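Hello,

Here is the structure I promised to pass on to you. Please have a look at it first, and then read my notes below.

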Amino acid sequence: MSPAAVKMESQRKEYGRALVELGSKNRNIVVLDADLSVSTRTVEFGKAYPERFFNCGVSEANMITTAAGLAMAGKLVFASSFAVFLTGLTYNQIRQSIAYPKTNVKIVASHAGLSVGPDGATHQMLEDVGLMRGLPNMTVVVPADARETYQATHALASFNGPAYMRFGRADVPPISDEGSDFAIGRASMLREGADVTLIGCGQLVQACLAAAKQLETEGISASVVNMSTIKPLDNGMVDRCARDTGAIVTVEEHNIINGLGDAVCSAVAAHYPVPVTKIGTMDTFGESGEAGELLAKYGLSAEKIAMAAARTVDTKKRMR
Amino acid sequence: MFATNQVWNSLFEPLPRNRTYEELERIAREVRKDIIRVTNAAGSGHPGGSLSSADILTALYFRLLKHDPQNPKWDGRDIFILSKGHAAPGYYSVLAEAGYFSKEELMTLRKMGSRIQGHAHTDVPGVEVSTGSLGQGLSIANGFALSYRLDGRSQRIVALLSDGENDEGQTWEAAMFAAFRKLDNITIYVDRNGIQNDGFTKDILDTSPLEEKWRAFGWNVVVIDGHSMKQIVEAYETSLKVKGKPTAIIANTVKGKGVSFMENNVAFHGKAPNKEETVKALAELEAGSGS
């Protein structure tokens, strides 16, 4: 695919736009940030509704717990920062004051994953999905592109309960022109195949689509699923993919431990065991570099996905 | 809508709020007896910090806070947050005494299947916020205070912090935020009983000079004797008139207050009295000799 032909879009920008829209419709919405509002784009809400925007400074623990207090008092709260700070500095606060009492706070992180780029490993959060999906009562959403980020923001506003959403810093291509409408807990089948299913989340859904095209030239027919909710997982879709294709590859911009891959493996093992190959970062930290370079270096590319898919199809055949 | 709220509040006062200091002291003695009984029955829990805060909790629930045990979610209620969630035996004893639930249920503290969880939990009628991990209560208070100010609601937001809780960085993040945002609808008590889990605070991590710290963070600070009903009440009533600043009432207290062998005894921070100790403690409290 020629990069020049693809229109790149910002997930952060669409998050900010959705917040402003929601703010005009619902006076009960408040937004919090921890001194990164220009980067997370909550600054847009702050400009539109300054009285309902609270920049808490560099104090994530206080921010997330203040968000809990606002929600307990009846507000619909969105709290944002970078994924590494928003989940890593506040795990106990989220556990104690949001997940346990089922507080209606939407924790929305930007700058997740390797594609943060030059800031390096300290800022490249690859363990957040694991931290959040391990919490009882927590919903975890990873939208694939700008359009889905916009839709997911609206969906979270209508959903009552704790939720975590993460997306990256880098602009990403749209996964399709039309696409299906986002719903919490519902995966979407983007392409139907017979030999293997590529289940991706976040911006790597695009890489799954590219890998499927490549596999086609090799005579392998691949399904592609956008698993934009990691928890609750769409078990029905996983089951269907296991039965219909008998081989699965999971793809995520996250550690292979505790992320989408592990969620899918648990579902597959329990309901319809088939070979699964997990693609993600291999239990390692990242490093500085440009987003595209890093994704390629750490094996999060269409080429690597296609190779893993071919291997997984071979495994399936050997098992028969 | 806001005007209606105000009128409603003034028309409807669910509890008598004119109790004398002597009446409050009598109730606090009953609360202390329940703290002894309930921790003994549970076989574990935190009696020391419950006894040190018993007078503050009693004054709040029997004179200062607007609340309704018959209607725990009454919209006009003040918001109380037990930031020191381990003082749950004291908190639950006060709530049971106020009529939120029965004394029989109180005695199921820490038992499997009971709503009366080991640390403060919202399943218990009257408990506003689940707590137990120190340092979070003041941030929750900030959230309530911001929300109530946005909506023009006049209810008070009150939190009770422990002495050792001043070790937590989040307490100071929250303190800085509350002062910066001029959250003058917040009053906190700091139960300065001088003891934390592992020993005396002056030996583990000295928080002094505590009042200067809170003052430097922009708070209105009052230091009181946390066992004087008069001082507990007057400090609160004064805090309601302070504009532009939240108020921290630093209450000097005695850990284990009211039971001679538990007073200033580190061992009873997180250990329940045994049968023999319970009999002795109840006799002391009955005689009023320990207070």
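**What I found**

In chain A, the mean positions of the 31 positive and 33 negative charges lie 5 Å apart. Lys and Arg count as positive and Asp and Glu as negative, while His and the chain ends are left out; each charge is placed at NZ of Lys, CZ of Arg, CG of Asp or CD of Glu. For chain B, with 34 positive and 36 negative charges, the mean positions are 3 Å apart.

Before you go on, please keep in mind that this is a predicted model, in which local features need pLDDT of at least 70, side-chain atom pairs count only at pLDDT 80 or more, and totals for chains, interfaces and linings use all residues. Residues are numbered from 1 along each chain as its sequence is written, chains are lettered from A and ligands numbered from 1 in the order in which they are written, and side-chain values use heavy atoms, without hydrogens and water.

**The two chains**

Chain A has 13 helices and twelve strands (DSSP runs, numbered from the N terminus: H or I of at least four residues for helices, E of at least two for strands). Its radius of gyration is 19 Å, close to the 20 Å that the globule rule gives for 320 residues, so chain A is as compact as a globular protein of that length. The radius is taken over C-alpha atoms, and the rule is 2.2 Å times the number of residues to the power 0.38.

Chain B has twelve helices and seven strands. Of its 291 residues, 59% are buried (under 20% relative accessible area, with a 1.4 Å probe and protein chains only).

**A helix to look for**

How many of the eleven residues of helix H5 (residues 88-98) of chain B are buried? Ten of them are, so the helix is largely enclosed by the rest of the structure. Among the buried ones are B:Tyr91, B:Tyr92 and B:Leu95. Their cover includes helix H2 (21-42) and strand S1 (79-82) of chain B. After H5(B) comes B:Gly99, with a positive phi near 100 degrees.

**Where the chains meet**

The contact (heavy atoms within 4.5 Å) takes 23 residues from chain B and 24 residues from chain A. Together the two chains bury about 1900 Å², 59% of it on carbon and sulfur atoms. B:Gln136, B:Leu150 and B:Glu173 supply 25% of the area that chain B buries against chain A, more than any other three residues. Buried area is the accessible area (1.4 Å probe) that two parts lose on being put together, summed over both.

Enjoy exploring!

Methods: Buried means under 20% relative accessible area, exposed over 50%, partly exposed in between (1.4 Å probe, protein chains only).
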